[in-house]
Each structure stands twice: as structure tokens, then as C-alpha cells.
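Biologist: I am new to this structure. Please show it, and then I will ask about some of its parts.

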Amino acid sequence: KMPTWLFVIQALLIGATLFAVVPHHVHLQLQVVVWTIGVVAIAVIVGVDAQDRFYSNDQVLHTTIVRTLLNWSWLDDYPPTNARLPYILPAVVIATLGISEILALKVVSLICLLVLTNQLLLHYHGIRPADQLKTLYLTGCGLIGAFFSLLALRETMMMLLAYLFYAEKSPAVRATSLTMLMLLRPHLAIALLIGELIGMTISWINMRHRLGFIFAPMSIILSAILGRTLFYFRTDGLFGRQSPLMQSFRLQELRQVASNFVGLQFLTTGAQNINFSLVDLVILRFILSETVVIPTLFSVVVLLSGPRISRKHLSVIVAFTIYVSIATSTDFNSFRQNLPFMPLLGTVVLDVLLRRRQPKSPEPSPRFGRAETIISLRGT
């Protein structure tokens with residue numbers, strides 16, 4: 001057990017170090033300051049030994065795995081393929097320096113947020129400070145990202161990896177990102193891959209202009225059916241007893257899928273699957289407003305774009321719908337589950353807004369994958 005004063009000193013030293021080495025950008029440095037204050041506050045208020053149960057008990061599992069690996073052993077009842085190693089192993093390296101295990105995990109969460117923020121600022125370079133704040137807010141790097149960087153959870157890493165899979169042109173970076181996502185959350189990686197393949201196929205046969213404004217809602221409905229079908233094939237096998245297509249058309253399932261497009265999943269999820277009270281859920285969405293604003297704006301933009309939807313944006317629509325239709329088939333349908341998609345949904349919104357500002361210029365290619373979005377925390 002680590003005394004509180006030592007944990008606080010470690011957090012302050014790490015915060016000061018990261019503040020000095022990150023690119024000299026006010027938003028990046030502000031994220032480091034917020035992280036340092038927040039991590040210290042949680043440890044002092046909740047307690048160093050009890051902080052792994054603050055918000056989510058998944059932190060207990062992550063901390064246990066780190067401690068086990070530090071002892072050169074393994075959990076007998078937990079296979080390596082389910083150990084979320086892309087997130088755990090960097091924390092193990094940090095913890096070997098004598099850093100608290102849970103603090104090491106939180107450092108990894110912060111670094112992933114800083115890299116993602118840096119990527120987005122490079123992606124939309126040359127805009128005003130107010131627009132930069134809007135960019136970070138609409139991509140989940142504002143309040144959501146700051147909050148989850150304070151926790152020993154893998155969400156900020158999945159946000160970064162999902163963004164890199166779509167933003168980068170390098171096949172090596174994209175393949176690595178997808179592989180790491182497969183180890184962190186398999187159905188997320190599968191949804192992203194299928195979304196990319198379907199986006200490429202539909203763009204090739206040019207269905208968007210043929211169907212006009214019914215193209216987007218039709219894509220969402222068919223993707224929801226596909227996601228539900230994939231779930232039942234996974235649980236029952238190809239010749240299972242249940243009919244995946246008929247299961248997909250039940251009204252309750254469609255309502256659950258639709259609620260994810262406005263960030264109100266808790267209204268359609270059974271009470272037995274919710275760990276917070278209704279008041280707590282409403283307060284969380286008021287404070288972390290991006291959880292409602294981003295998917296709602298994304299839905300509006302998608303429905304109004306019609307045939308002007310780009311191939312990359314179509315891939316996001318298909319992947320997100322497949323993903324939430326799988327999630328709604330389980331007991332894990334929450335805004336936290338959808339966090340990896342927030343940067344992608346927000347980028348779709350930002351791209352459309354930028355395009356509307358320049359109506360007379362030729363339609364730009366999707367802003368995903370610019371050459372300057374190279375992974376780096378070095379000075380930029």
C-alpha cells in the first residue's frame with residue numbers, strides 16, 4: 001500500500017514532466033494540468049487504495065493485472081487474449097520505475113488523450129483558438145476526454161486507435177491500430193473493419209447518388225440488421241435456433257439502436273443493467289454534454305447530407321451502427337461503450353461544417369488521413 005503523500009508527489013512529478021515535454025500548445029498543457037489536479041483530488045478524497053472503485057470496477061481488474069505482471073506471474077483464470085495488453089503493458093513499464101500501478105495506468109490514459117488531441121489540432125491546423133476548442137469539444141477531447149484520462153480505463157486508448165484507423169493512410173499504422181483494438185474490444189475492431197469494407201464497396205458502385213436522401217437512413221437500417229445478425233451468428237452459430245433477421249426487426253431493439261444516435265441509451269436500457277440512478281445519469285449527461293451533443297449533431301448531419309456523404313464518412317456511419325446494434329444485444333450499452341467513436345462522429349460533423357463554409361470551392365476529399373497527422377508528442 002502506498003501512502004497518500006507519496007502518491008500525490010508521484011502524480012505532481014509526472015504532471016510537471018509531461019507539462020514540460022508536450023508541444024507548447026495551451027490545450028495540451030491544460031489537459032495535463034486538469035489531469036494532475038483531478039488525479040490528486042480523487043486519491044485524496046476517495047483514498048489511494050479505494051480509487052480503483054471510483055466510477056468503474058474495471059480499474060480493479062487493470063490494476064490487478066499490472067501487479068501480477070510485475071511479479072512475473074499470470075492470473076490463472078484470465079487468458080492473455082482477454083488481458084487488454086495494449087493498455088496494460090505500457091503501464092507495466094511505467095510501474096517498474098516505482099510508480100503506483102493505478103497511477104501508471106492513468107498516465108497511459110492521459111498520454112493517449114494528448115496524442116489524440118495533438119492529432120486533431122494538426123488535422124485542423126490554422127484555425128482560431130475558439131474553433132480549436134470547438135474541435136476538441138466535438139471530438140470527445142474536451143470534458144469527456146479529460147474525465148476518462150483521470151481513470152485507469154482503456155477508453156482514451158480506444159478513442160485514439162479508432163481515430164488512427166480512419167485518419168492514417170499508412171497501412172502499417174492502420175493494421176496496428178486495428179490489431180490493438182481487437183485485443184482491447186474485439187467487436188469494435190470488427191465493426192470498424194466491416195464499415196471500411198462496406199464504405200469502399202458502396203462508393204465503388206456509386207449507390208449514394210442513385211438513392212439520394214434515403215441513402216443514409218437505409219444504410220443505418222441495413223447496418224443495424226447486419227450488426228444484430230453478426231451477434232446472433234456469434235452466440236448461436238450459423239445454424240442456431242434463433243433467427244437473427246427476425247430478431248433485428250423487434251421494436252425494442254430498434255429503439256435501443258436509435259437511442260445511441262442521440263446519446264440517450266439509458267432511457268431504453270433495462271434498469272437491471274444500469275449502475276447509476278436516473279438522476280446521476282442526467283447529471284452526467286449535463287456535465288459531460290458531449291455524450292449527447294456529438295451523436296445528435298452527427299445524426300442530423302448524416303440525415304441532411306444525403307448523397308453528398310463521402311466514402312470515409314459512410315464507413316463511420318456503417319461501423320457505428322453495426323457496433324451499437326451489437327452492443328444493444330448485450331448488457332453493456334452505455335455512453336462509455338460508444339466513447340471510441342466520439343472522435344469519428346465529431347470529425348464527420350466538423351468536415352461538413354467546414355465544407356458548408358466554402359460552398360463555391362470544389363468538394364474536398366475527406367479530411368481523414370492528412371500527411372501531417374503523424375503520431376508524435378514531440379514539438380510541433
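Biologist: Which residues of H10 are buried?

Modeller: This is a predicted model, in which local features need pLDDT of at least 70, side-chain atom pairs count only at pLDDT 80 or more, and totals for chains, interfaces and linings use all residues. Residues are numbered from 1 along each chain as its sequence is written, and side-chain values use heavy atoms, with hydrogens and water left out. Helices are DSSP runs of H or I with at least four residues, numbered from the N terminus, and buried means under 20% relative accessible area, exposed over 50%, partly exposed in between (1.4 Å probe, protein chains only). In H10 the buried residues are Leu-188, Ala-189, Ala-191, Leu-192, Ile-194, Gly-195, Glu-196, Gly-199 and Ile-202.

Biologist: How far apart are the end C-alpha atoms of helix H10?

Modeller: The expected span of a helix is 1.5 Å times one less than its number of residues. Helix H10 has 20 residues (186–205), so it should span 28 Å. The distance between its end C-alpha atoms agrees with this, at 29 Å.

Biologist: At what angle do the axes of H9 and H10 cross?

Modeller: Two packed helices are described by the angle between their axes and the distance between the axes. Here axes are lines fitted to C-alpha atoms, for helices over the stretch in contact, and angles run from 0 to 180 degrees between N-to-C directions. The axes of H9 and H10 come within 5 Å, and their crossing angle is roughly 145 degrees.

Biologist: Is Ser-315 buried or exposed?

Modeller: Ser-315 sits in helix H17 (residues 311–327). Contact means heavy atoms within 4.5 Å, and, leaving aside neighbours within four places in sequence, Ser-315 is in contact with Tyr-166, Gly-195, Glu-196 and Gly-199. Because its relative accessibility is 0%, Ser-315 counts as buried.

Biologist: How is Leu-254 classed at 39% relative accessibility?

Modeller: Leu-254 belongs to helix H14 (residues 251–260). From C-alpha to C-alpha, Leu-254 and Ser-325 are 8.4 Å apart in space, although 71 residues apart in sequence. With a relative accessibility of 39%, Leu-254 counts as partly exposed.

Methods:
Helices (H or I, at least four residues) and strands (E, at least two) are DSSP runs, numbered from the N terminus.
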